[in-house]
Amino acid sequence: MDHDLIVIGAGPGGYIAAIRAAQLGMSVACIDEWSRANGAPAPGGTCTNVGCIPSKAMLQSSEHYEHVGHGMAEHGIEVGSVKLDLERMLARKRKVVEQNNDGILYLFKKNKVRFVHGHAAFTARTDSGFEVAVGGAEPVTLRARQVIIATGSRPRALPGVDFDEQRVLSNSGALALSKVPERMGIIGAGVIGLEMGSVWRRLGAKVTVLEALPEFLGAADAQVAKEALKQFTRQGLDIQLGVKITEVKPAARSGPVRLLYTDSKGAEQKLEVDALMVSIGRLPHTEGLGLDKVGLKPDERGFLAVDADCRTEVPGIWAIGDVVRGPMLAHKAEEEGVAVAERLAGQKPHVDFNTVPWVIYTSPEIAWVGQTEQALKAAGRAYKVGSFPFLANGRARALGDTTGFVKLLSDAASDAILGVHIIGPLASELIAEAAVAMEFKASAEDIARICHAHPTLSEAMKEAALASDSRALNF
Ligand code: FAD
Ligand code: NAI
């Protein structure tokens, strides 16, 4: 055998699994096909190349742009005319991505993971393990006893409407537009639609978001979703719910994209946009992997079926991240990667999906962990609610960002925290406290009794915990 373990895919699931396995003494090869424009390897997967990292770079840059243009006067800072240099903004985004690609290559070297650049496909299953052929500049066949499939996901297109990445965009094209579109259409008011819609609206596009479901952000707590819809609409995103897209026609070669759709009242509507992003979810990526050579078959939705420990039905083959069930989140993929590596080393790790936090990096940010109020109601669970608005938080007032609230749900009898929902400044960072608390099975009382530094946004968490016992001090 060449290696103890082959990992296919160097996204956050795969590269982290490879590093952890190497730390535990295994001989590991990690294969990834993603390339930069010049053909150089670009490990890091969707997350690093066209997902988490570049979207957050663009969210940050566009937020600065909007803030400098509109948010400085109240601080007593007068700013002259503000000019957008989109080329430079995109160059910065590329640099951030490349720093992350290079960082992963460095980590592979440091941890003695063999990185192979190219497309991987199973070629055989033998008595002692598996054979994987890697195409590319230097084709090679690798053998290992264990294989982790971490091939991630790709954007789902509307039937009959291919991505050309110029006018009909997936997340990749939407992160690389060389000109701010005057009118931008977005199909799908999910996480990508809201984040990328925010970016291009801040940079000057008139953004219309068309969502099939009648309800906005159904996975979030309903109260948070309601506040988010109010804020995003106020900012200028035109979000239309309950629509049915009937036709999408990009004009020949250049020119606008024309859409026909039925609105929530059943009326026919037309929309013409200069760029259309389709963000209606993602599909697991298993094409060309030679799964038939090892007796694996994706399920009817394209996912690889795994048990709670990420074992596929073929002993010795594991699958993690976006290619398997569960939330399509980088940190979920990472946790599964670590868990499989540790399981291979004989340890007994556990990943609890209930404490995987969700974050939407809009402004205000949205973050949650655990159960929503509507889910608790539906389950008939007796619960308490404690809420605290950022309007009553000193740090938020000093920051000049008082939108939103923290809402903490706890069990009516035991006081155990069941869910925490935040909309407001730095919700992405604040949610970590809630995730830690839930992992340690903390009660609302525990959070309420912990000394939180003043003045910090985190005091809103403590106050929400106090509020669940009707004893908030500052509201
Ligand atoms: P991926 O990151 O998709 O990596 C899979 C890798 O496998 C790729 O590099 C691919 O090239 C490689 N590969 C596939 N097949 C083969 C093959 N046959 N041979 C060789 N290599 C192969 N999640 C968050 O948690 N936070 C965020 O802020 C966030 N933002 C996002 C923003 C956008 C615009 C998008 C699209 C996604 C975002 N996500 C975010 C989701 C996150 O990117 C994914 O959940 C995560 O990347 C999944 O990791 P993975 O390792 O399973 O797969
Ligand atoms: P999504 O599942 O978040 O949202 C897709 C939306 O499109 C849904 O609201 C759905 O109802 C709607 N939709 C589906 N078909 C439609 C149609 N035909 N017409 C109109 N609307 C339609 O998926 P999205 O935004 O594509 O993102 C994919 C995944 O990537 C997310 O689920 C998330 O896991 C991950 N992601 C995470 C981020 C984060 O953690 N901050 C950021 C971006 C993506």
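This is a predicted model: local features need pLDDT of at least 70, side-chain atom pairs count only at pLDDT 80 or more; totals for chains, interfaces and linings use all residues.
A nitrogen atom of ligand 2 sits 3.1 Å from a polar backbone atom of Ala 212. An oxygen atom of ligand 2 lies 2.8 Å from a polar backbone atom of Gly 281, and a nitrogen atom of ligand 2 is placed 2.7 Å from a polar backbone atom of Val 359. Of the 840 Å² of accessible area that ligand 2 has on its own, the protein covers 76%.

Let me turn to the shell around this ligand. Ligand 2 is surrounded by 23 residues, and the closest are Glu 195, Glu 211, Gly 281, Met 328 and Val 359. By class, that shell has 14 nonpolar, 4 polar and 5 charged residues. Which elements each supply at least two residues of the shell around ligand 2? They are helix H6, residues 191-202, and strand E18, residues 358-360. The largest share, 3 residues, comes from H6.

Strand E18 leads us to a sheet. E18 belongs to an open sheet of 5 strands with antiparallel pairing, in the order E18-E19-E22-E21-E20. E18 is an edge strand, as is E20, residues 383-389, and each pairs on one side only. Neighbouring strands of this sheet are turned by 10° against each other on average, direction ignored. As for individual pairs, Trp 358 has Trp 368 in E19 as its bridge partner.

I now move to ligand 1. Here 38 residues surround the ligand, and the closest are Asp 32, Thr 46, Lys 56, Ala 120 and Asp 322. The shell around ligand 1 has 16 nonpolar, 17 polar and 5 charged residues. At least two residues of this shell come from each of helix H1 (12-23), strand E2 (28-32), helix H2 (45-50), helix H3 (52-70) and helix H8 (330-344). H2 provides the largest share, 4 residues.

The polar contacts of ligand 1 involve both backbone and side-chain atoms. An oxygen atom of ligand 1 is 2.9 Å from a polar backbone atom of Gly 13, and a backbone N or O atom of Ala 330 lies 2.9 Å from an oxygen atom of the ligand. On the side-chain part, a nitrogen atom of ligand 1 is 3.4 Å from an N or O atom in the side chain of His 119. How much of the 1,000 Å² of accessible area that ligand 1 has on its own does the protein cover? The protein covers 95% of that area.

Key:
Residues are numbered from 1 along each chain as its sequence is written. Chains are lettered from A and ligands numbered from 1 in the order in which they are written. Side-chain values use heavy atoms; hydrogens and water are left out. A residue is near a molecule or strand if one of its heavy atoms lies within 4 Å of it. A polar contact is a pair of N or O atoms within 3.5 Å; within protein, one must be able to donate a hydrogen and the other to accept it, and residues adjacent in sequence count only if both atoms are side-chain atoms. Accessible areas come from the Shrake-Rupley method with a 1.4 Å probe; for residues, only the protein chains shown count as cover. Ala, Val, Leu, Ile, Met, Phe, Trp, Tyr, Cys and Pro count as nonpolar, Asp, Glu, Lys and Arg as charged, and the others, Gly among them, as polar. Two strands pair if DSSP finds at least two bridges between them. Axes are lines fitted to C-alpha atoms, for helices over the stretch in contact, and angles run from 0 to 180 degrees between N-to-C directions.
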